[in-house]
Amino acid sequence: MDKIPHWADVVLIPLISLILAAILSALVILAIGEDPIAAVELMIKGSLGSTYGWGYTLYYATNFIFTGLAVSVAFHAKLFNIGGEGQAMLGGLGVALVCLLIPWPHWTFALLAAVLASTAFGALWATIPAFLQAKRGSHIVITTIMFNFIAAGLLNYVLVNLMRPTGSMDPATARFPENIHLPTLHEILVLFNIPFSKAAPANISFLVAVAACFLTWHLIWRTRLGYEIRAYGHSEPGAIYAGISPFKMIMISMLISGALAGLMAINNVMGEAERLVLNATEGAGFIGIAVALMGRSHPFGVFLASILFGFLYQGGAELALWTSIPRELIVVIQALVILFTGALDNMVRMPLARIFSTMRLQREK
């Protein structure tokens with residue numbers, strides 16, 4: 001296939017894919033008798049038109065940043081980690097344990113412990129699929145999918161039988177102590193006299209997610225380990241010839257990936273629900289796959305794609321609330337974005353590659 005410029009791969013292809021998804025979504029909205037322009041205006045107003053909307057958009061985006069980074073790190077080693085959902089569930093269990101079992105004097109200590117626990121539990125849940133891939137050749141896609149179901153069953157058992165408060169019928173833990181509740185963006189920004197909605201769930205976890213983007217970028221592109229991960233992903237025989245251990249690369253890549261997925265729990269478990277509930281991940285582990293694909297596995301691209309999907313989630317909720325557009329159609333719109341930016345990537349890439357190839361030939365004549 002003809003090569004295209006890097007800027008076109010990073011910017012132009014996702015942009016065209018997004019436009020195609022938007023056009024098809026507009027046609028679907030027209031088909032059910034609604035005005036697509038009014039729908040877009042409502043989505044923008046509901047998700048970006050107020051600090052309340054921004055609060056929810058950034059809350060969803062925070063989840064997607066963590067899971068998108070998790071998938072991206074595995075992608076660089078040519079591993080398809082679909083287990084982010086289960087790894088995030090177990091990360092939530094780690095957060096709940098340290099928040100409920102240890103009497104922390106302040107939220108800063110609890111947050112540090114929650115970060116360590118969530119990454120450890122997420123990495124631990126990724127260890128077995130990684131080992132099976134590295135030693136037994138078991139396909140990482142199959143094993144990580146299966147471990148999602150195992151994680152859901154395990155979490156259900158723990159919540160119902162071990163961590164549910166006495167007398168409660170809700171499959172959830174007790175609420176975390178008030179003194180370790182994470183500060184919201186409202187509480188942070190008010191220190192700088194910047195108004196922000198008190199009701200929005202966005203919290204300091206967003207800043208942790210931004211830091212995770214920078215650290216992941218530094219790891220992948222500025223360290224020897226990151227170079228080895230990318231080298232292994234580009235060519236396993238070449239990496240082996242250079243003395244890079246496939247077992248080591250698979251294990252380390254999946255451990256980092258699982259740790260990042262588990263880290264999502266500080267946002268949805270500690271920051272928003274302030275307790276561990278069943279199905280706390282709400283599919284964010286799978287959305288991370290689309291985010292990584294759209295962001296081209298680059299932390300900055302993952303950040304932008306996460307904001308987009310946060311916009312789609314919050315804007316979709318506004319559409320379902322204020323129009324007759326059913327909630328299921330919002331899922332269809334999100335699926336179209338995933339379809340065009342992921343599965344149908346070559347439908348845009350190949351024509352663009354031919355166009356750039358023709359332009360190069362003309363310049364050489």
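First, the basis of the values. This is a predicted model, in which local features need pLDDT of at least 70 and side-chain atom pairs count only at pLDDT 80 or more, while totals for chains, interfaces and linings use all residues. Residues are numbered from 1 along each chain as its sequence is written, and side-chain values use heavy atoms, with hydrogens and water left out.

Let us begin with the interior. A nonpolar core here is a set of buried Ala, Val, Leu, Ile, Met, Phe, Trp, Tyr and Cys residues joined through side-chain atoms within 4.5 Å. Buried means under 20% relative accessible area, exposed means over 50%, and partly exposed lies in between, with a 1.4 Å probe and protein chains only. The largest nonpolar core has 79 residues, and Phe-64, Val-95, Phe-176, Met-270 and Phe-309 have the most contacts inside it. Helix α3 gives the most to this core, namely 10 residues. Helices are DSSP runs of H or I with at least four residues, strands are runs of E with at least two, and both are numbered from the N terminus. There is also a second, separate core of 20 residues, which includes Ala-77, Ile-82, Ile-229 and Tyr-232.

Which residues does Phe-64 contact, apart from its neighbours within four places in sequence? They are Ala-284, Ile-287, Val-291, Ser-306, Phe-309, Gly-310 and Tyr-313, where contact means heavy atoms within 4.5 Å.

Tyr-60 is found in helix α3, residues 51–76. With a relative accessible area of 17%, Tyr-60 is buried. Leaving aside neighbours within four places in sequence, Tyr-60 is in contact with Gly-310, Tyr-313 and Gln-314.

Ile-229 counts as buried because its relative accessibility is 0%. Not counting residues up to four places away in sequence, Ile-229 touches Val-73, His-76, Ala-77, Met-249 and Ser-253.

I turn now to the aromatic rings. A pair of aromatic rings is described by the distance of the centres and the angle of the planes. Rings of Phe, Tyr and Trp (the six-membered ring of Trp) pair if their centres lie within 6.5 Å; planes under 30 degrees apart count as stacked, over 60 as edge-to-face and the rest as tilted. The structure holds 11 aromatic pairs. One of them joins Trp-7 and Phe-356 edge-to-face, at 6.0 Å centre to centre and 85° between the planes. This pair links distant parts of the chain, with Trp-7 in helix α1 (residues 6–31) and Phe-356 in helix α16 (residues 345–364), 349 residues apart. Phe-356 counts as buried, at 12% relative accessibility.

Phe-206 and Phe-303 form a tilted pair, with centres 6.3 Å apart and 45° between the planes. Here too distant parts of the chain are linked: Phe-206 is in helix α8 (residues 205–222) and Phe-303 in helix α14 (residues 299–322), 97 residues apart. Phe-206 is buried, with a relative accessible area of 12%, whereas Phe-303 is partly exposed, at 23%.

Next, the largest pocket. A pocket is found on a 1 Å grid over the protein atoms alone, as an open set of points where a 1.4 Å probe fits, with protein on both sides within 12 Å along at least five of seven lines; lining residues have an atom within 4 Å of a point. Its volume is the space filled by probe spheres set on the points, which are joined across faces, edges and corners. The largest pocket has a volume of about 720 Å³. Of the 20 residues that line it, the closest to its centre are Asp-9, His-76, Lys-78, Arg-296 and Ser-297. Helix α1 gives the most to this lining, with three residues.

What is the phi of Lys-78? It is positive, about 60°, although Lys-78 is not a glycine. Lys-78 is placed in the loop between α3 and α4 (84–101). Lys-78 is exposed, with a relative accessible area of 60%. Glu-282 also has a positive phi, near 55°, and lies in the loop between α12 (265–273) and α13.
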